[in-house]
Amino acid sequence: MSRFFTEWWQYGFMRNAFVAVLIITPLFGMLGTMIVERKMAYFSDALGHSALTGIAIGVVFGAGDTNLSMMLFAAAFALILNKLGSTGMAANDTVISVVSSFSIALGLAVLSKGGSFSQYSSLLVGDVLSITRREIVYLAVIFALALLFWAGCYNSLQAAGIHRTLAKSRNRNVRLMENLFAVLTALIVTVSIKWVGILIINALLILPAASGRNISENLREYHFFSVVFSMFSGIFGLIVSYFTNVATGPVIVIFASVIYFATYAYGSRIQ
């Protein structure tokens with residue numbers, strides 16, 4: 001048993017990955033609760049897929065590092081979705097589907113030109129084992145900014161989610177809060193894609209929060225369980241992936257999925 005917990009620690013890349021998981025998973029657990037409550041699961045999934053277009057824009061303009069173009073596009077993409085969704089001309093899920101489909105197709109078209117998409121295929125499943133100490137610092141900064149945003153804006157976001165008109169009557173700048181939250185979500189998703197993967201990043205946002213919701217009786221428990229389930233899935237998924245030689249992201253999602261089904265069964269039994 002001691003080998004299970006100590007053998008992997010001797011490698012620098014595993015230590016870096018472990019620290020990254022300790023930063024990413026509570027961030028996802030915290031952010032996921034608001035995404036689930038505001039019914040934004042499809043929105044966050046579309047943000048993940050929009051990363052391909054952000055990378056494509058960087059490639060077209062000859063950027064050596066496409067991370068900046070990916071983050072800028074994701075932020076703009078989030079604001080556009082918010083704006084279109086607020087017009088009421090079509091259902092939000094329809095707007096997101098149309099814009100997301102166009103964005104994905106455009107990104108794939110540019111990146112696949114000349115058969116060069118293979119060099120970007122690793123983004124589909126991610127590789128947290130490749131994270132560097134410098135990138136961990138970037139994650140820590142994003143985490144600190146997210147905490148500050150949460151401390152200052154959570155009540156306004158919660159009020160807007162419960163009753164938008166009432167929140168406005170209490171002098172809450174609902175549109176600003178929603179745009180800030182959308183941009184924050186976009187930045188967190190795009191910054192994490194390299195290590196989590198486009199195909200599964202939304203699962204890591206939604207599953208821990210949905211699991212926490214299954215067994216929580218109040219908001220405090222909801223946030224607590226979401227963060228705990230996210231961290232548990234991340235830590236044990238990382239360790240198990242090392243011993244099984246399987247990609248880390250999918251193993252983490254499997255753990256998170258098992259927890260969801262277990263909490264769903266438990267929550268259904270006690271109701």
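## A residue in α3

Does Thr-53 count as buried or exposed, and at what relative accessibility? Thr-53 counts as buried because its relative accessibility is 2%, where buried means under 20% relative accessible area, exposed means over 50%, and partly exposed lies in between (1.4 Å probe, protein chains only). The residue belongs to helix α3, residues 41-60, with helices (H or I, at least four residues) and strands (E, at least two) taken as DSSP runs numbered from the N terminus.

A polar atom of the Thr-53 side chain lies 2.3 Å from the backbone oxygen of Ser-103. Apart from residues up to four places away in sequence, Thr-53 touches Phe-73, Ser-103, Ile-104, Leu-106 and Gly-107, a contact being heavy atoms within 4.5 Å.

## Basis of the model

The model is predicted, and local features need pLDDT of at least 70, side-chain atom pairs count only at pLDDT 80 or more, while totals for chains, interfaces and linings use all residues. Residues are numbered from 1 along each chain as its sequence is written, and side-chain values use heavy atoms, with hydrogens and water left out.

## Overall fold

The secondary structure of the chain comes to 11 helices and zero strands, so that, by the DSSP definition, the pattern along the sequence reads α-α-α-α-α-α-α-α-α-α-α. Of the 271 residues, 46% count as buried. Among contacts in the chain with a separation of 6 or more, 74% are accounted for by residues 24 or more positions apart.

The accessible surface of the chain comes to about 13700 Å², of which 65% belongs to carbon and sulfur atoms; such areas come from the Shrake-Rupley method with a 1.4 Å probe, and for residues only the protein chains shown count as cover.

Helix α2 covers residues 12-37, and its 26 residues should span 38 Å at 1.5 Å a residue, which agrees with the 38 Å between its end C-alpha atoms; the expected span is 1.5 Å times one less than the number of residues. This helix is mostly covered, with 20 of its 26 residues buried, and just after α2 Lys-39 takes a positive phi of about 55°.

For helix α8 (residues 174-196), the 23 residues should span 33 Å, and the end C-alpha atoms, 31 Å apart, agree with that expectation. Just after α8, Gly-197 has a positive phi of about 105°.

Val-227, in helix α10 (residues 219-244), counts as partly exposed because its relative accessibility is 22%. Although Val-227 and Leu-27 are 200 residues apart in sequence, their C-alpha atoms are 7.7 Å apart in space. Leaving aside neighbours within four places in sequence, Val-227 is in contact with Pro-26, Gly-29 and Met-30.

Ile-259 sits in helix α11 (residues 248-270) and is buried, with a relative accessible area of 12%. Its C-alpha atom is separated by 8.4 Å from that of Leu-207, 52 residues apart along the chain, and, leaving aside neighbours within four places, Ile-259 is in contact with Ser-211, Phe-229, Phe-232 and Ser-233.

## A nonpolar surface patch

Val-137, Tyr-138, Val-141, Leu-145 and Leu-148 make a nonpolar surface patch of about 500 Å². Patches are made of residues with over 30% relative accessible area and no salt bridge, with like charges joined within 9 Å and nonpolar side chains (Val, Leu, Ile, Met, Phe, Trp, Tyr) within 5 Å; a salt bridge is a side-chain nitrogen of Lys or Arg within 4 Å of a carboxyl oxygen of Asp or Glu.

Leu-148 lies in helix α6 (residues 133-162) and counts as exposed because its relative accessibility is 62%. An α-helix has 3.6 residues a turn, so residues three or four places apart point the same way.

How values were computed:
Polar contact = N/O pair within 3.5 Å; in protein donor to acceptor, adjacent residues only side chain to side chain.
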